[in-house]
Amino acid sequence: MPFPRFGDVPPSASGRSRHDPLLGAAEVVVSGVWGLASRIRRPPPVPERDRTHALRVVDRHVVAHDQDVVALTLAAADAKPLPRWFPGAHIDINLPSGRVRQYSLNGDPAVRDSYRIAVRRIPGGGGGSIEVHDQLTVGATVTTSGPRNAFPLSMPGRGSPTQRFRFIAGGIGITPILPMLRRAQQLDIDWSMVYAGRTPNSLPFLEEVSRYGSRVEIRTDDIHGLPTADDLLGGCPDGTAVYACGPAPMLTGVRSRLAGRDNVELHFERFAAPPVVDGRGFSVCIASTGKVVDVGAEETLLSALQRSGVPASYSCQQGFCGTCRTRVLGGDVDHRDTLLTDPERNAGTMLVCVSRAPEGERLTLDL
Ligand code: FES
């Protein structure tokens, strides 16, 4: 069944690169699934454009009571209007260290001269969030690319056969959802949301969300206990489009609960690496040093490299941004991304954040 196009969808709604013309990464970033088992709605491929911009931090403030989340407002360094974006979009930020990180745009899409992002400080993470917190002060300039949209919003009655939205946000997962709430409200579409987290103090943008009143349920583990999938879905009658962003266990529970619901649409976005599925142990040899790194069945190659002190660039950790692209000098690769073309794979390129090797195989990496 063809789905109608929604006139407000931008020409680059998918925001995918040319190699991933679909919403892509149905499993890794976002899936729009009608009943989880049938069609995935995908806009047509669009040509890539250079969307690199120098942005300056023009405002910065704390947006969670625990002080761990900062919102940054970024304006074009040349003061020109910025590319248009739509709810669900993100930008790639090239940090001073060379790290690339992706952050959802969470401000108002109607504001054309700045973007707003929010970043939770994660001690012990990959260092990107610490860098943002410590170095991106007002006046700092960063290079960005995008916006791209891997989590587009299909409007009930316009781009979607559903009648209502159910938004599910876990902690910092509120960031892509915020513009969606604004859009649903503007278009007078029936919607509700559950916003979950550890404690009220850990929830960013609590005041901004609270202005939507009874449409939003705030649930925190310290007061209500861990939410079940039913708590998160809130009944979820037939004809609901669910948009969820949060930690992996939350998304896994929601997906499992909706299995077999042919009349409920699920769209989700992860902000962490997906769990390894059907992994087998293998090893890699680092060509520059001869070092051998064993990769466990349940860990990614990227995490094994990090654990072993082998530097490897990364960003999304989900196989769609291409930052971890690595040349393979020997061995068979079990490609699990949706980004690389067959010619690229045949030429010996892999994405170490998601792709692996068959059991017992040893890859030689050009690192
Ligand atoms: S880190 Fe983005 S594709 Fe691997």
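The following exercises, each with a worked solution, concern a predicted model.

**Exercise 1.** Determine the order of the strands in the open sheet of six strands, and state which are the edge strands.

*Solution.* Step one is to read across the sheet: the order is β5-β4-β7-β2-β3-β6, and the pairing is antiparallel. Step two is to look for strands that pair on one side only; these edge strands are β5 (100-104) and β6 (114-120). Step three concerns orientation: with direction ignored, neighbouring strands of this sheet are turned against each other by 40° on average.

**Exercise 2.** Describe how β2 and β3 pair, and name the bridge partner of Asp-59.

*Solution.* Strand β2 covers residues 52-62 and strand β3 covers residues 69-76. The two run in the antiparallel sense and are joined over seven bridges. Within this pairing, Asp-59 has Thr-73 of β3 as its bridge partner.

**Exercise 3.** Identify the strands that helix α1 touches, and list the buried residues of the helix.

*Solution.* Helix α1, residues 128-135, packs on the sheet and touches β2, β3, β5 and β6. Its direction makes about 120° with that of β6. The buried residues of α1 are Gly-128, Ser-129, Glu-131, Val-132 and His-133. These buried residues pack against β2, β3, β5 and β6.

**Exercise 4.** Decide whether Thr-326 is buried or exposed, and describe its surroundings.

*Solution.* Thr-326 belongs to strand β15, residues 325-330. Its relative accessibility is 7%. Because the cut-off for a buried residue is under 20%, Thr-326 counts as buried. Its side chain reaches the backbone oxygen of Cys-324 at 2.8 Å. Leaving aside neighbours within four places in sequence, the contacts of Thr-326 are Gly-348, Thr-349, Met-350, Val-352, Leu-365 and Leu-367.

Methods
Residues are numbered from 1 along each chain as its sequence is written. This is a predicted model: local features need pLDDT of at least 70, side-chain atom pairs count only at pLDDT 80 or more; totals for chains, interfaces and linings use all residues. Side-chain values use heavy atoms; hydrogens and water are left out. Two strands pair if DSSP finds at least two bridges between them. Helices (H or I, at least four residues) and strands (E, at least two) are DSSP runs, numbered from the N terminus. Axes are lines fitted to C-alpha atoms, for helices over the stretch in contact, and angles run from 0 to 180 degrees between N-to-C directions. Contact means heavy atoms within 4.5 Å. Buried means under 20% relative accessible area, exposed over 50%, partly exposed in between (1.4 Å probe, protein chains only). A polar contact is a pair of N or O atoms within 3.5 Å; within protein, one must be able to donate a hydrogen and the other to accept it, and residues adjacent in sequence count only if both atoms are side-chain atoms.
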